[in-house]
Amino acid sequence: MGSSLKEVGESSSTLCLFAAMSYGIASMAMVFINKAVLMQYAHSMTLLTIQQLATTLLILISRGMGYTKARGVDMATAKKLFPVSVFYNANVAFALASLKGVNIPMYIAIKRLTPLAVLVAGIFSGKGKPTTQVILSVVLTAAGCIIAAIGDFSFDLFGYCMALTSVFFQTMYLVLVEKSGAEDGLSSIEIMFYNSFLSLPFLLFLIIITGEFPYSLSLLFAKSNSFSFLAILLLSLVMGIALNFTMFLCTIVNSALTTTIVGVLKGVGSTTLGFFLLGGVPVHGLNVTGLVINTAGGVWYSYAKYQQKKSKPSKLMSDLEAHRK
C-alpha cells in the first residue's frame, strides 16, 4: 500500500512538472513567434481572433472525428465560463493598450506583479493561507520585478494604468480558470474550447470598433502570396493552441499561482533573450540585480511547492481524480 501511494505521488508530481515546463516553453516561444508575425502584420487583434477561431475549429473537428472526448457545448457551462472569457479578453486588450506607451522590458516587469495579486486573491476567496515559504518566495519575486523596473524606468501614466489594469484582469482570469476546472470537472481541452468559442463575439466587436476590420483582412489576403509569411502565421496558430492548452493544463493540475510563477520565469528568459536578439534597451545594474532576485524567488517557490506536494500525495491525487470526473 505504501509503495503504491509513493508511485501515485511520483506520477502526479511528474504530471505537474511536465505541465509547468510545457507551459513555460510554449509561452516563451509564443512571444518571439508573435513578434515575427507582427513585424510583417501589425493587426494584433485580428491575429488573436484568427488564433481563437483556429482553436475552436480544431477542437470541433477533433471531437467530430473522435480524437478527443471533449463534451459538446452546454449552455449552463457556457454561462459559468463566460466571465473567464471576458477577463481573458480584457487582460489582452489592456495589455495591448499598455504597450503603446510602455517598452517591452518595463511591460514584462509590471506583469510580473501578477503572482502577488493571485496570492492575495486566493486568500480573500477563501482558498486558505499559503505556507510562509510560499508567501516569502512570491514577495521576493515581486521585489525583484520592482527593482528590475526601476533600473529601466520611463514613466508613462496611461501605459502604467493600462498595464496594472491588465494585471488585475489576468489575476481574476487565472483564479476563475482554476475554480471552474476544480468545481465543474472540465478537462483542459474543454475549458480551452469554451474560452476560445466565447471570446469570438467580443474579439470580432473589438476589431470592428478599433478600425482593424476590414483592412486587416485585405492585408492578410495580400500577404497570402508570401510563403514565409504563411509559414510563420501557421506556426503562430499552432503555438497559440499549444499555449492555451498548456496554460489551462498547468492551472488545473498545479494552481493559478504556479501558472503565474512559470509565466514570471518565462518573462525572465524572454527579457534576457530580447536584450540580445532585439537590442534597443540598455542594460543597467538594477535590471540584472532584479532579474537575479526574481529568479531566486521563483526557484524558492518551486522548492516550497514541491515539499508541500511531497508531504500530501494522497490529497493531490484526490484533486486530480475530481478533475477527471
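Predicted model: local features only at pLDDT ≥ 70, side-chain atom pairs only at ≥ 80, totals over all residues.

Trainee: How many helices and strands does the protein chain hold?

Mentor: The protein chain has 13 helices and 0 strands. Of the 325 residues in the chain, 48% are buried.

Trainee: What span should helix α2 have, and how far apart are its end C-alpha atoms?

Mentor: Helix α2 covers residues 44-64, which is 21 residues, and at 1.5 Å a residue it should span 30 Å. The C-alpha atoms at its ends are 30 Å apart, so the expectation and the model agree.

Trainee: Which residues of α2 are buried?

Mentor: Among them are M45, T46, L47, L48 and T49. Further along α2, the buried residues include Q51, Q52, T55, T56, I59 and S62. The C-alpha atoms of T46 and I208 are separated by 9.6 Å, although the two residues are 162 residues apart along the chain. I208 belongs to helix α8, and it counts as exposed because its relative accessibility is 52%.

Trainee: How is a pair of aromatic rings described?

Mentor: Such a pair is described by the distance of the centres and the angle of the planes. In this structure there are 6 aromatic pairs. In one of them, F168 and F169, the ring centres are 5.3 Å apart and the planes lie at 65°, so the pair is edge-to-face. F168 is partly exposed, with 46% relative accessibility, whereas F169 is buried at 17%. Ring pairs also join F87 to F168 and F169 in a cluster.

Trainee: Is the pair of F193 and F197 stacked or edge-to-face?

Mentor: The pair is stacked, because the planes of F193 and F197 are at 10° and the ring centres are 5.7 Å apart. F193 and F197 are both in helix α8 (residues 188-209), 4 residues apart, or about one turn of the helix. F193 is buried, with a relative accessible area of 2%, while F197 is partly exposed at 35%.

Trainee: Which residue has its charged end over the ring of F193?

Mentor: The residue is R63, whose charged end sits over that ring at 5.6 Å from its centre. A second case is K223, which lies over the face of F229, 5.8 Å from the ring centre. K223 is in the loop between α9 and α10 and is partly exposed, at 24% relative accessibility. Not counting residues up to four places away in sequence, K223 touches Q40, Y41 and F229. The C-alpha atoms of K223 and Q40 are separated by 8.9 Å, yet these residues are 183 residues apart along the chain.

Trainee: Where does Q170 lie, and is it buried or exposed?

Mentor: Q170 is in helix α7, residues 157-184. Its relative accessibility is 18%, so Q170 counts as buried. Its side chain makes a polar contact of 3.4 Å with the side chain of T114. Leaving aside neighbours within four places in sequence, the contacts of Q170 are N91, K111 and T114.

Trainee: How many disulfides are there?

Mentor: A disulfide is a covalent bond between the sulfur atoms of two cysteines. The count here comes to 0 disulfides. For C250, the closest cysteine sulfur is that of C16, and the 8.5 Å between the two sulfurs is too far for a bond. C250 is buried, with a relative accessible area of 0%, and C145 is buried at 1%.

Trainee: Which peptide bond is cis?

Mentor: The bond from F213 to P214 is cis, with omega near 5°. P214 is in the loop between α8 and α9.

Methods:
Residues numbered from 1 in each chain as written. Heavy atoms only, no water. Helix = DSSP H or I, 4+ residues; strand = E, 2+ residues; numbered from the N terminus. Buried < 20%, exposed > 50% of the residue type's maximum accessible area, 1.4 Å probe, protein only. Polar contact = N/O pair within 3.5 Å; in protein donor to acceptor, adjacent residues only side chain to side chain. Contact = heavy atoms within 4.5 Å. Phe/Tyr/Trp six-rings, centres within 6.5 Å; stacked < 30°, edge-to-face > 60°. Lys NZ or Arg CZ within 6 Å of the ring centre and 35° of its normal. Expected span 1.5 Å × (residues − 1). Disulfide = S-S within 2.5 Å.
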